[in-house]
There are 2 protein chains.
Amino acid sequence: MDTPRAAIVLLSGGLDSATTLAVAKAEGFAPIALTFRYGQRHAAEVDAARQVAAAASVREHLFVDIDLRVLGGSALTADIPVPKDRDLSGFEIPSTYVPARNTIFLAYALALAEVRGAQDIYIGVNALDYSGYPDCRPDYIAAFENLAALATRAGVEGRPTRLRAPLLHLTKPEIIRRGLVLGVDYGLTRSCYDPDERGRACGHCDSCRLRLAAFAQLGLTDPAPYRTPVDDVRAAMRPPAPGAPEDRS
Amino acid sequence: MDTPRAAIVLLSGGLDSATTLAVAKAEGFAPIALTFRYGQRHAAEVDAARQVAAAASVREHLFVDIDLRVLGGSALTADIPVPKDRDLSGFEIPSTYVPARNTIFLAYALALAEVRGAQDIYIGVNALDYSGYPDCRPDYIAAFENLAALATRAGVEGRPTRLRAPLLHLTKPEIIRRGLVLGVDYGLTRSCYDPDERGRACGHCDSCRLRLAAFAQLGLTDPAPYRTPVDDVRAAMRPPAPGAPEDRS
């Protein structure tokens, strides 16, 4: 029996990264989870990452402290309010955008991949409902893979790192369906940009609204804890957009 | 009179980055110096960066703590001996190579550039005597610039970050000559991978030997402090290689 090859999986503790971790396992890899603690990032999310990694029996789970506060510039790292109930139909880059965040995360993942002899990095970025972040687009992913091939000893020696973004072209409901088939417990995951001190989601930031709308489209209740009872939050959601997969029947 | 535009300058406190800072000023920029404190990195080098930045009257000097120890894998961050007096004629990647280090540094620089509205990043990499590091090659620099254009809000909005590597094609003696013309005080800089507790250089690691050989080729004495008296170190150096700029007369 072959020993599964190691792959680095960026794991925030949110819905997308938990699904990505499950995909990495389903694709035959032994995942090494990599979680970043930064700035005002909430302990609830890091705890969620720990629980998700444990539930998936990862080979190893590394936590790296990174100091994004010194850079400021985002509602997620500086004293700027998290926007609530904003219009998500446009492609404006929101104030929760953290400058170059995925580039910083992927740079660490690349270093870890080289140190552990892993040739694959999984990242849960998503181009369809990407909330306006420039570093979640397919061109960006391709450019990082191109950089990775030139950046490391492994690349120079003919083993370039592959960047895998299995959610890139999935809608949020498709991501959840994929995860449920793979046994992801979404009750362990946290996506909110502005949780309370008990880790309960706000229900109104971009991340909560995309997530709640997706569960609603699937006719499911999000098992994660919310400050507002979930049924109230769901009642406040718009109906599923025309053309969403659930409306094709 | 125009206000000089800001540029981010990666500043380690070594010879190359001090020269790069002087070039950025000479090219009309107001430098924002960015220094990383990481792993076993020696306080002497960070102090050198502070002095070099002060001498150059930078607009701002930021220090970012980054945790490379968790990744291990290098003589500069893990408990692996720094190699001494090794053969520098080949292109083997040495154990002082820190996996993906420049990618991590540039990712932070990219974030800072966006936050400060700077469109230019200076890095002192050098392809000629680059000591075998893959992330010091021209192709790597081009690939990062390509990534940067896709990674940030500024890039999306048509103001892609430029990556400037003014030392890329210079020899070490050419770098020193350039810096001396621009008034760099190399006595403030530190390059050694293995300084003693007083910040004095070892004279035998790759970085010391490349630096000492370059000063020797120019007929100069390196003004930085060494554990061994510099004349002893110089006497132990091989004569300048044929084809070095100083031998063309």
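A helix axis here is a line fitted to C-alpha atoms over the stretch in contact, and the angle between two axes runs from 0 to 180 degrees between N-to-C directions. The model is predicted.

**Helix packing**

With that in hand, take α1 (residues 15-26) and α6 (residues 172-181) of chain A. Their axes are 9 Å apart and meet at an angle of about 45°. That angle makes α1(A) oblique to α6(A). The crossing is left-handed. From α1(A) come L15(A), D16(A), A18(A), T19(A) and A22(A); from α6(A) come I175(A), R178(A) and G179(A). By class, this contact has four nonpolar, two polar and two charged residues.

The second pair spans the two chains. α4(A) packs on α4(B), residues 138-151 of chain B, at an angle of about 160°. Angles over 145 degrees count as roughly antiparallel, and α4(A) and α4(B) are therefore roughly antiparallel to each other. Their axes are 9 Å apart. α4(A) passes α4(B) in a left-handed crossing. On the chain A side, the meeting residues are D139(A), Y140(A), A143(A), F144(A), N146(A), L147(A), L150(A) and A151(A). On the chain B side they are D139(B), Y140(B), A143(B), F144(B), N146(B), L147(B), L150(B) and A151(B). The contact of α4(A) with α4(B) divides into 12 nonpolar, two polar and two charged residues.

| Helix pair | Angle | Axis separation |
|---|---|---|
| α1(A) and α6(A) | about 45° | 9 Å |
| α4(A) and α4(B) | about 160° | 9 Å |

**The contact between the chains**

How many residues does each chain put into the contact? Chain A gives 37 residues and chain B gives 37 residues. On the side of chain A that touches chain B, β3 (60-66), α3 (101-116), α4 (138-151) and α5 (153-156) each supply at least two residues. α3(A) gives the most, with nine residues. That side of chain A holds 24 nonpolar, six polar and seven charged residues.

How are the copies related? Chain A superposes on chain B by a rotation of 180° with 0.0 Å of shift along its axis, at an RMSD of 0.0 Å. The two copies are thus related as by a two-fold rotation axis. The interface residues agree too: 100% of those of chain A are also interface residues in chain B, so the copies meet through the same surface.

**Loop residues**

Is G124(B) buried or exposed? G124(B) has 23 C-beta neighbours inside 10 Å, and so counts as buried. G124(B) sits in the loop between β4 (120-122) and α4 of chain B. Beyond its neighbours within four places in sequence, G124(B) is in contact with L10(B), D16(B), S17(B), T19(B), T20(B) and L167(B). L21(B) is 103 residues from G124(B) in sequence, yet their C-alpha atoms are 8.5 Å apart in space.

Most residues other than glycine have a negative phi. S57(A) has a positive phi, near 50°, and is not a glycine. S57(A) lies in the loop between α2 (43-55) and β3 of chain A. With 9 C-beta neighbours inside 10 Å, S57(A) counts as exposed. In chain B, S57(B) has a positive phi of about 50°, again without being a glycine. S57(B) is in the loop between α2 (43-55) and β3 (60-66) of chain B. S57(B) has 9 C-beta neighbours inside 10 Å, and therefore counts as exposed.

Methods: Residues numbered from 1 in each chain as written. Chains lettered and ligands numbered in written order. Predicted model: local features only at pLDDT ≥ 70, side-chain atom pairs only at ≥ 80, totals over all residues. Contact = placed C-beta atoms within 7 Å. Helix = DSSP H or I, 4+ residues; strand = E, 2+ residues; numbered from the N terminus. Nonpolar A, V, L, I, M, F, W, Y, C, P; charged D, E, K, R; others polar. Least-squares fit on C-alpha atoms with pLDDT ≥ 70 in both. Parallel < 35°, antiparallel > 145°, perpendicular 65-115°, else oblique. Left-handed = near helix turned anticlockwise from the far one by under 90°. Buried ≥ 20, exposed ≤ 12 C-beta atoms within 10 Å, placed from the backbone.
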